[in-house]
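Subject: Structure for your review

Dear colleague,

Please find below the structure that I am handing over to you. My notes on what was found in it follow directly after.

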Amino acid sequence: MIRPRRFYPNPETAADNAFQRNADRDSDALTMMARKEFDAAVQTLREAGINVHVFEDTAEPEKPDAVFPNNWISTHHDGRIVFFPMYSALRRRERRKDIVEELRKHYWVTEVIDYSAFEDAGCCLEGTGSLVFDHLNKIVYVSLSNRSNPKVIQRFADDFSYEPVTFTSIGSNGQPIYHTNVMMCIGTVFAMVGLEMIRDKAERQQVRARLEKTGKEIVELSADQIANFAGNAIELHNKDGAKVLVLSSRAARALAEQQRERLSRYARLVPLELPTIELGGGSARCMIATIHLPRQLSWRSVNSIE
């Protein structure tokens, strides 16, 4: 996780991120509040038994979205790390090789694959914002948008031998949802998904059928719940191997009691208070870049947080 040095809603992403909100405070006040929320979130995660690696954002260049690292980096069980092509020029500053070098001290890193050259052709794929993984079944779900380009999706799928399931989901503003991970969360045995936002019936049925075939219990989310970040959640494993479902407090409140009960059968819900950070258009899942790299000493793959 990246502790923000500066935080404010990114003007370069406002046009296509309907989840982003204008702030009524200056950037200094927003930054102070965001840092407090970040520190409290890290403490909550650690109290839940999650291993959290915290990196400080660098002062220069300024990066208003640095608190959302999942969009520029992903790590994989075979030791590979990926750098992704980003839509906003401001966000391209977030990619940091020094973080990879720090990870090498604790985990096996076999290769760094850099897709950022796709930016030259205007093709973007924003990490696990764009790609929602079902690692157990080697499937990646992707909602197409200007942040999730089919050419880069196919390149990733070929390089990592994942089956891509692509579709288009439409928000209340009539525009494509900017990131898959705001409308879909895949757990070990469940899937939270805003199926009603997939307007094309054939695509909607394809996604439903693929989830059901892989044994996922589908928890359908409404458009209103999606707007409150209920889809922007992530299942993690703590140090004891128990599953936890991390989401924002706003997202948890948006869930119906029956939905919370269903999800609680499979994971303990861990809500984080993120009202300021959510002004940036992302929530709990966006703040977490998961580490799937093998540990240095044992080659044992772990679930942790970067």
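Strand β4, residues 80-83, is covered on both of its faces. Arg80 and Val82 are buried on one side, and Ile81 and Phe83 are buried on the other. Please bear in mind that this is a predicted model.

Two strands pair with β4. Strand β3 (residues 73-75) pairs with β4 in the antiparallel sense, over three bridges, and Ser74 stands opposite Val82 there. The hairpin formed by β3 and β4 has four residues between the strands, and Gly79 in this hairpin takes a positive phi near 95°. Strand β5 (residues 111-114) runs parallel to β4 and is joined to β4 by four bridges. Within β5, Val112 is the bridge partner of Ile81.

Strand β7 (residues 139-143) pairs with β8 in the parallel sense over five bridges. Tyr141 is found opposite Val165 in β8.

Helix α1 deserves a separate paragraph. It comprises 21 residues (residues 27-47), which at 1.5 Å a residue should span 30 Å; the C-alpha atoms at its ends are 30 Å apart, so the two values agree. The buried residues of α1 are Leu30, Thr31, Ala34, Glu37, Phe38, Ala41, Val42 and Leu45. Because they cover an arc of only 140° around the axis, these residues lie on the same side of α1. At the N-terminal end, α1 is capped by Asp26, with a side-chain oxygen 3.2 Å from the backbone nitrogen of Asp28. After α1 comes Gly49, which has a positive phi near 90°.

Two individual residues may also be of interest. Where does Glu94 lie, and is Glu94 buried or exposed? Glu94 is located in the loop between α2 (89-92) and α3 (97-104). With a relative accessible area of 3%, Glu94 falls under the 20% cut-off, so Glu94 counts as buried. Leaving aside neighbours within four places in sequence, Glu94 is in contact with Lys63, Asp65, Ala66, Phe68 and Trp72.

Ala227 belongs to helix α7 (residues 223-227). Its relative accessibility is 36%, between the cut-offs of 20% and 50%, so Ala227 counts as partly exposed. Ala227 and Val132 are 95 residues apart along the chain, and their C-alpha atoms are separated by 18 Å.

Yours sincerely

Key
Residues are numbered from 1 along each chain as its sequence is written. This is a predicted model: local features need pLDDT of at least 70, side-chain atom pairs count only at pLDDT 80 or more; totals for chains, interfaces and linings use all residues. Side-chain values use heavy atoms; hydrogens and water are left out. Two strands pair if DSSP finds at least two bridges between them. The expected span of a helix is 1.5 Å times one less than its number of residues. Buried means under 20% relative accessible area, exposed over 50%, partly exposed in between (1.4 Å probe, protein chains only). The arc is that of the directions from the helix axis to the C-beta atoms. A polar contact is a pair of N or O atoms within 3.5 Å; within protein, one must be able to donate a hydrogen and the other to accept it, and residues adjacent in sequence count only if both atoms are side-chain atoms. Contact means heavy atoms within 4.5 Å.
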